[in-house]
2 protein chains.
Amino acid sequence: MKKHYQHLFAALCLLVFAGAAPASEPLPSWNDGASKSAIIDFVMRVTDVDSPEFVPVAERIATFDNDGTLWVEHPIYTQLTFAMERVKALAPQHPEWKTTQPFQAVLENDQKALAAAGEKGLLELVMASHAGMSTADFETIVTDWLATARHPRFKRPYTELVYQPMLELLAYLRANGFKTYITSGGGIEFMRPMTEKVYGIPPEQVIGSSIKMKFEIVDGKPVLMRLPEINFIDDKTGKPVGINQFIGRRPVASFGNSDGDRQMLEWTAAGSGARLMMLVFHDDGVREYAYGPAGGQPETKIGTFSPSLMKEAQESGWVVISMKDDWNQVFPPED
Amino acid sequence: MKKHYQHLFAALCLLVFAGAAPASEPLPSWNDGASKSAIIDFVMRVTDVDSPEFVPVAERIATFDNDGTLWVEHPIYTQLTFAMERVKALAPQHPEWKTTQPFQAVLENDQKALAAAGEKGLLELVMASHAGMSTADFETIVTDWLATARHPRFKRPYTELVYQPMLELLAYLRANGFKTYITSGGGIEFMRPMTEKVYGIPPEQVIGSSIKMKFEIVDGKPVLMRLPEINFIDDKTGKPVGINQFIGRRPVASFGNSDGDRQMLEWTAAGSGARLMMLVFHDDGVREYAYGPAGGQPETKIGTFSPSLMKEAQESGWVVISMKDDWNQVFPPED
């Protein structure tokens, strides 16, 4: 086949397959409005080779917070529920927990004592439930837990309480050559067992908080043991650090929902060329939750969206997504 | 176009383009022999969908050490040369270095005093040359240095002193659906400015040692400042830890050249299914360098290949690549 005909044939192949599989309208769960337009407009500008804002595929990096941005985080972080349920499951092996805080508070469902234990207490719960086993064993524990645990209000597995509009956004960005990353304050090994199946994000594109690991030979086989010692907190100023450490490039688009994502968005925004920064605002107490305290919504310690973050978003041209107004569907339909 | 014809047409398209670009013989710089066969045999087994050892594309992870595996590491690590040359360049701003070890040793080219400074002294040199600037500034410093520095023996840029057979191996693996990673004891931000251009490995697939970073707002712009504090040493038992942290999957193939790669190969080997572990053995003093002390070759502190590593390789079925016998070319031809 001569070169000339090859080109013709290639063009024909493209036409046929483009015709055979017409692209469906992107982002169906997004209502028409400023948020949806901002996404589509941004993607068109950076993917059009003739645009002055064109971004090569290799540099199309998009980073997403997880809790409250991709999946539900209220009434408390899923990982915290996991930690408390693990403590209950492990309690028979730790009779001393019956009289030791913060374990006693968990075993007795004593919210006041739990709150009083503060961050230090929380850390003890996390270490007791997340360390002391191999990475392989931890993966099994998490996978088993996610398969059976149910959200207290929605009575569905946590992996189904992901935001349908954000799943569509992830897919839309990937279809346009973006590499999508998670960059969460949550534990990296708590997320990895589910991110590929739930979000289409492979483990190597998940960045999160971590505890230290130790390589050991056990019964002649190498294992990585999880140690009760913080390695890295991927939150607030830690997010740009984690992004730089894992990716080594600055994202061109970042998505968050709380004060913990502020520096990630600032870091993304500070690059040259087209940029997209968006924040999910939880203002939908009917279909999901409403919290702030921005917009005069109830205060929360889980996913705080402060008035000063709202102010920075407005002054900086970051797009605030109204869950109530911008999304015509929150969760995927039940199976 | 009816569905039936579409399938036929798709098959035709595939045939035409497969025919239009015949695959050239892979690995031309590798002599026929056990090493080359081991590579091709492994790739065929894991990519053949009908093979019991088939590995899905998502799990085709291959990790490569850098110093001594992908590029030259003698007479001393390139990054150490960089550190010493940076100290010389910065000396006018640090008059106290004239009389302070280990800086004095560098400024006076005093190898004995330098050796006497030991690891602690080395660390001081690295911190003085690698910390105290933003990540963006460090990238510029490294890029500029690599553009002008020349290897003392070969008189070529370090980025040209990469092993041609390994470049072919990287390309061959990628052509077969592998994701290729660097996992080096060297500094992650020392490597990233050159890995995409030199190896075809993007920054997000580079794992290495690191110092801590701090997010700061300077003149209203966010920057990541490099701090004089070790964050992670990606060597020996650190390599499996780094692999797990960054990739979250176990590699199916690993390539190293020294005792620092032993645990990475053990970790790779301990997975189920087909595995390929290979070690470059520097036994070519004519075209490159010869060092061990395995095989009775000269001892070295740079890229030690100990007799016990050789024994483990032989007992475990790891393939030892003889630079002298397996490679018909060491470096790419000069431009």
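Student: In strand 5 of chain B, which residue is the bridge partner of T63(B)?

Tutor: Happy to start there, keeping in mind that this is a predicted model, where local features need pLDDT of at least 70 and side-chain atom pairs count only at pLDDT 80 or more. Residues are numbered from 1 along each chain as its sequence is written. Strands are DSSP runs of E with at least two residues, and helices are runs of H or I with at least four, numbered from the N terminus. Strand 1 (residues 61-64) and strand 5 (residues 253-256) of chain B run parallel and are joined by three bridges, and the partner of T63(B) is S254(B).

Student: Which strands of the chain B sheet stand at the edges?

Tutor: Two strands pair if DSSP finds at least two bridges between them. The open sheet has seven strands with mixed pairing, in the order 4-3-2-1-5-6-7. Each edge strand has a single partner, so one side is left without a neighbour in the sheet; these are strand 4 (221-232) and strand 7 (319-322) of chain B.

Student: At what angle do helix 3 and helix 5 of chain B pack?

Tutor: Angles run from 0 to 180 degrees between N-to-C directions, with axes fitted to C-alpha atoms, for helices over the stretch in contact. Contact means heavy atoms within 4.5 Å; among the residues meeting here are F82(B) in helix 3 and L122(B) in helix 5 of chain B. The axes of helix 3 (residues 78-90) and helix 5 (residues 111-130) of chain B lie 9 Å apart, and the angle is about 70 degrees.

How values were computed:
Chains lettered and ligands numbered in written order. Heavy atoms only, no water.
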